[in-house]
Amino acid sequence: MILGISGSPRNRATEHVLTRALEMLRESGFETELFTVRGKNIGFCRHCDYCLKNKTCAIKDDMYELYPLLKNARGLIFATPVYNGGVSAQTKAVMDRCRALVAADFDFFRGKVGMAIAVGGDRIGGQEAAIYQIITFYILNGIVPVGGGSFGANLGATFWSRDTLEDVQKDEEGFRSLRKTVRRFASLLRDFEEVSARRAAQR
């Protein structure tokens, strides 16, 4: 299952683009799931270390809807609006609250594949900085990050929304970056599946 996580508190450009990415993956034969922070109660990590001792998070909120989805996901797509040149507070809260999962199982995320989407109100408004934050989360947790590749390379899918849904739908360059990144993301997932199948057959 491929899990798309929308870090926007609104049902606008970011969620629309993520939904399109998941549609592309479904057309390629993947099962997908969408989780949005919109309308959810997700508190900030307090770094209280409760999870280190008890292997679960002390904050009982809507992250407990997301935890089992993360467990079952083979691939992750974090999509964030750009706020002040970086990821949204909601996106950062989700990433920080994953500490409890790794406290319970150090290899929880190991071998999963991840890609990133950033949607900014300006063309150069912090999209790459936001993607760096997501990729850093992936690397720190053993998730394999995927970008769009060489020759017109992109680190992930970046969009210029001009703060409207209508304008993000017109961003052809943004959708070009999305198609490239989704193709490489799907390809690596299939490669991982083949390796896993061969290993299973050898046991």
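Biologist: Why is Lys92 called partly exposed?

Modeller: The relative accessible area of Lys92 is 34%. Buried means under 20% relative accessible area and exposed over 50%, with partly exposed in between (1.4 Å probe, protein chains only). Lys92 is therefore partly exposed, since 34% falls between those limits. This is a predicted model, in which local features need pLDDT of at least 70 and side-chain atom pairs count only at pLDDT 80 or more, while totals for chains, interfaces and linings use all residues. Residues are numbered from 1 along each chain as its sequence is written, and side-chain values use heavy atoms, with hydrogens and water left out.

Biologist: What makes Lys92 and Asp96 a salt bridge?

Modeller: A salt bridge is a side-chain nitrogen of Lys or Arg within 4 Å of a carboxyl oxygen of Asp or Glu. The closest N and O atoms of Lys92 and Asp96 are 2.8 Å apart, so the pair qualifies. The two residues are 4 residues apart in helix α4, and about one helical turn therefore separates them. Asp96 is also partly exposed, at 30% relative accessibility.

Biologist: How many salt bridges does the structure hold, and which residue does Glu15 pair with?

Modeller: The structure holds 8 salt bridges. In one of them, Glu15 pairs with Arg38, with the closest N and O atoms 2.6 Å apart. The pair links distant parts of the chain, 23 residues apart: Glu15 is in helix α1 (residues 13-27), and Arg38 is in the loop between β2 (32-36) and α2 (50-54). Helices (H or I, at least four residues) and strands (E, at least two) are DSSP runs, numbered from the N terminus.

Biologist: Is Glu15 buried or exposed?

Modeller: Glu15 is buried, because its relative accessible area is 6% and the limit is under 20%. Arg38, at 30%, is partly exposed.

Biologist: What joins the side chains of Ser88 and Thr91?

Modeller: A polar contact of 2.8 Å joins them. The term denotes a pair of N or O atoms within 3.5 Å; within protein, one must be able to donate a hydrogen and the other to accept it, and residues adjacent in sequence count only if both atoms are side-chain atoms. Ser88 is in the loop between β3 and α4 and is buried, because its relative accessible area is 0%.

Biologist: Which residues form the positive surface patch?

Modeller: Arg110, Arg198, Arg199 and Arg203 form the patch. Patches are made of residues with over 30% relative accessible area and no salt bridge, like charges being joined within 9 Å and nonpolar side chains (Val, Leu, Ile, Met, Phe, Trp, Tyr) within 5 Å. Arg110 is in the loop between α5 (99-104) and β4 (113-120); its relative accessibility of 63% makes Arg110 exposed.

Biologist: What is the phi of Asn84, which is not a glycine?

Modeller: Asn84 has a positive phi of about 50°. Asn84 is in the loop between β3 (75-81) and α4 (89-97) and, at 85%, is exposed.

Conventions: Areas by Shrake-Rupley, 256 points an atom, 1.4 Å probe, with all protein chains shown as cover. Lys, Arg positive; Asp, Glu negative; His and termini not counted. Charge placed at Lys NZ, Arg CZ, Asp CG, Glu CD.
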